[in-house]
Amino acid sequence: MTKPASCTPHFDAIVIGAGVSGMYALHHLREMGLSVRAYDGAPRIGGTWWHNRYPGARVDGPSAPLYGYTFSDELVKEWTWTETQSSQPEVLSYLDHFADKFDLRRDIQLDTWVQGACYDEATQRWTVDLGDERVLAEFVICAVGALSAPNKPPIPGIDDFEGRVLHTGDWPTDPVSFEGKRVGVIGTGSSGIQAIPEIAKQAAHVTVFQRSAQYTVPARNRPLVPEELAAVRENWEAVRTGMVTPPPPEALLPMMPGNGRSAFDETSEQRHALYEELWTNGTLGFVYGNYAELLVNEEINREVCAFLQGKIREIVDDPETAEKLMPDHFYGTKRPILDDGYYATYNRDNVSLVDLRSDPIERMTAKGVQTSSGEHAIDVLVLATGFDAISGSMLRLNPVGRDGVRLDERWKEQFHNYLGLMVSGFPNLFMIHGPGTPGVLYLMPLGAELETEWIANCVEHMRSQGKGAVEPTVEAEGSWDSEVTELANRTLFPKTDSWYTGANIEGKSRHFAVHLGGPAYFERIRQIADSGYAGFVFEDEF
Ligand code: NA7
């Protein structure tokens, strides 16, 4: 492969981000024999797992060891997860172990914020701007995280506040103590719901400012019994196969086939018995072990909502507070949340709840938060306000493609891409967990492996064919968009304002950003590659 004559450092591939996805991409592409360099703005590896160090942060998804890399039997067998819902420090240690085991650190440059990336059509190369240095690459892999551009709402007067302002997704590196402090928390998504009970254990007082009430199900986190881990390790091949096998085509929703039973074949008593059993067991089993109709049928979903609302009334002592905590969206259409004592936290004397819908924030003052009803004095403000999710981190990178077109121009109305992996006009630039992939609704480490493998196969294909650039057609992007939208429209997801649709960010266009195909998505993208990369255009190498 001809390289441009230049003294600028040149790599076959540059990976942006050294989190779960970026590190796997580095490993896999390097194993293929490519020269690869990964950059990350953080002082440590870990990506989202480094930045989200707030109290109570842990995997709120499938139990360990399913949230982990799957490609190496040795890694699966040697790493001992200690709890069913791994804590943030444990995930970070695991990622450290992964980086050491596969000797990744020598090709990761930390403390290096990528300022931009620009494609040069004449050389078929990307120039990546590192601030004080520029580097060239044939391929750029954007592993910039689906949940990594923090949403910091422009609250009037926030600069007047004399206390400290923290964001759960950008937690400070120094230890934070809430001992004796009056803490305000804005936001009751997964992060707020994990953090609030932990902060309440330490703080003098916690005032929660809630815009939307949320459903949450007990995480039932517990130590992993050695025999459980051993059983998974012994049957690893079968376990992994289960993770990548699509449900039968007749499944109502490939991503969530449910428990195989139809809610309509059972009596109301039987259904309630199931909800009760799922609640008792907790975990995301509440979604995955539920009826297939849960996310597609309003009637069944409403029944589940009513069941969960009953639980809130049962747990929360003060009826007025319980009513403020009643969500009004379809369960599961916002990211399902797992908690450890969230609703019960409102029974503590040192916790109070402000419903922002009836008592909105007017401004921050020097001493606290001014809502319509008065001033709430606080010493620390925790913003658990989430992220400009899925497309936000790509827009923050804002690469410049063919003809000097920036991504934010191309995505002005909405994001466009093909397979969630590539954008027309941005040759050789790949995304992992980009908009239009199953990303946040699949196992993220496994999803990263499978997307990286697709990217690697595409690179191999190009090399074997003497191709220097690949990008999708605009038409292919259009039909992909229809596919993602059509799948979403079969469900209740689009009926709810959420970060899946971009509705959490003011001014962002609403567009459902997740492919709901689960494992079927990966089969689909493999077929497209096997059939000769339909929808892509390859350019001969110059
Ligand atoms: P989320 O799920 O986006 O939650 C953010 C919360 O902050 C949510 O309750 C929002 O209310 C609230 N919010 C956002 N902006 C504001 C403003 N301006 N005023 C008041 N309240 C606001 O983010 P998380 O970090 O909790 O979770 C993200 C993912 O990270 C999660 O799914 C896990 O997978 C890990 P809203 O509901 O939009 O009305």
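Strands β8 (residues 182-186) and β9 (residues 205-210) of the predicted model pair in the parallel sense through five bridges, where pairing requires that DSSP find at least two bridges between two strands. Within this pair, V185 has V208 of β9 as its bridge partner. Four of the five residues of β8 are buried, and the strand is thus described as mostly covered; buried denotes under 20% relative accessible area, exposed over 50%, and partly exposed the range in between, with a 1.4 Å probe and protein chains only. Helices (H or I, at least four residues) and strands (E, at least two) are DSSP runs numbered from the N terminus. Residues are numbered from 1 along each chain as its sequence is written, and side-chain values use heavy atoms, with hydrogens and water left out. As the model is predicted, local features need pLDDT of at least 70 and side-chain atom pairs count only at pLDDT 80 or more, whereas totals for chains, interfaces and linings use all residues.

Strand β6 (residues 134-142) is likewise mostly covered, with eight of its nine residues buried. Strand β1 (residues 10-16) pairs with β6 in the parallel sense over six bridges, and A13 stands opposite F139 of β6. Strand β5 (residues 125-129) runs antiparallel to β6, to which four bridges join it; here D129 stands opposite R134. The hairpin of β5 and β6 has four residues between the strands, and G131 takes a positive phi near 95° in this hairpin. A further parallel pairing, over three bridges, links β6 to strand β17 (residues 429-431), in which F430 is the bridge partner of I141. In a regular strand, side chains alternate between the two faces of the sheet.

At the level of the whole chain, the protein contains 17 helices and 19 strands. Its radius of gyration is 24 Å, close to the 24 Å that the globule rule gives for 542 residues, so the protein is as compact as a globular protein of that length. This radius is taken over C-alpha atoms, and the globule rule is 2.2 Å times the number of residues to the power 0.38. Along the principal axes, the C-alpha atoms fill a box of roughly 70 × 60 × 45 Å. Of the 542 residues, 58% count as buried. Contacts, defined by heavy atoms within 4.5 Å, were examined between residues at least 6 apart in sequence, and 73% of them join residues at least 24 apart. The protein exposes about 21500 Å², of which carbon and sulfur atoms supply 49%; accessible areas come from the Shrake-Rupley method with a 1.4 Å probe, and for residues only the protein chains shown count as cover. The mean positions of the 47 positive and 77 negative charges are 2 Å apart. In this count Lys and Arg are positive and Asp and Glu negative, while His and the chain ends are not counted; each charge is placed at NZ of Lys, CZ of Arg, CG of Asp or CD of Glu.

A cis peptide bond, with omega of about 5°, joins A64 and P65, and P65 lies in the loop between α2 (48-51) and α3 (73-78). N398, although not a glycine, has a positive phi of about 50°. This residue lies in the loop between α13 (392-397) and α14 (407-410), and N398 is buried at a relative accessible area of 18%. Y533, also a residue other than glycine, has a positive phi near 60°. The loop between α17 (519-530) and β19 (536-540) holds Y533, which counts as buried at 5% relative accessibility.

V514 is placed in the loop between α16 (474-489) and α17 and is buried, with a relative accessible area of 1%. When residues up to four places away in sequence are not counted, V514 touches I390, T437, P438, V440, L441, V484 and Y500. The C-alpha atoms of V514 and A488 are separated by 8.0 Å, the two residues being 26 apart along the chain. D96, found in helix α4 (residues 88-101), is buried with a relative accessible area of 18%. With residues up to four places away in sequence again not counted, D96 touches R44, I45 and R105.
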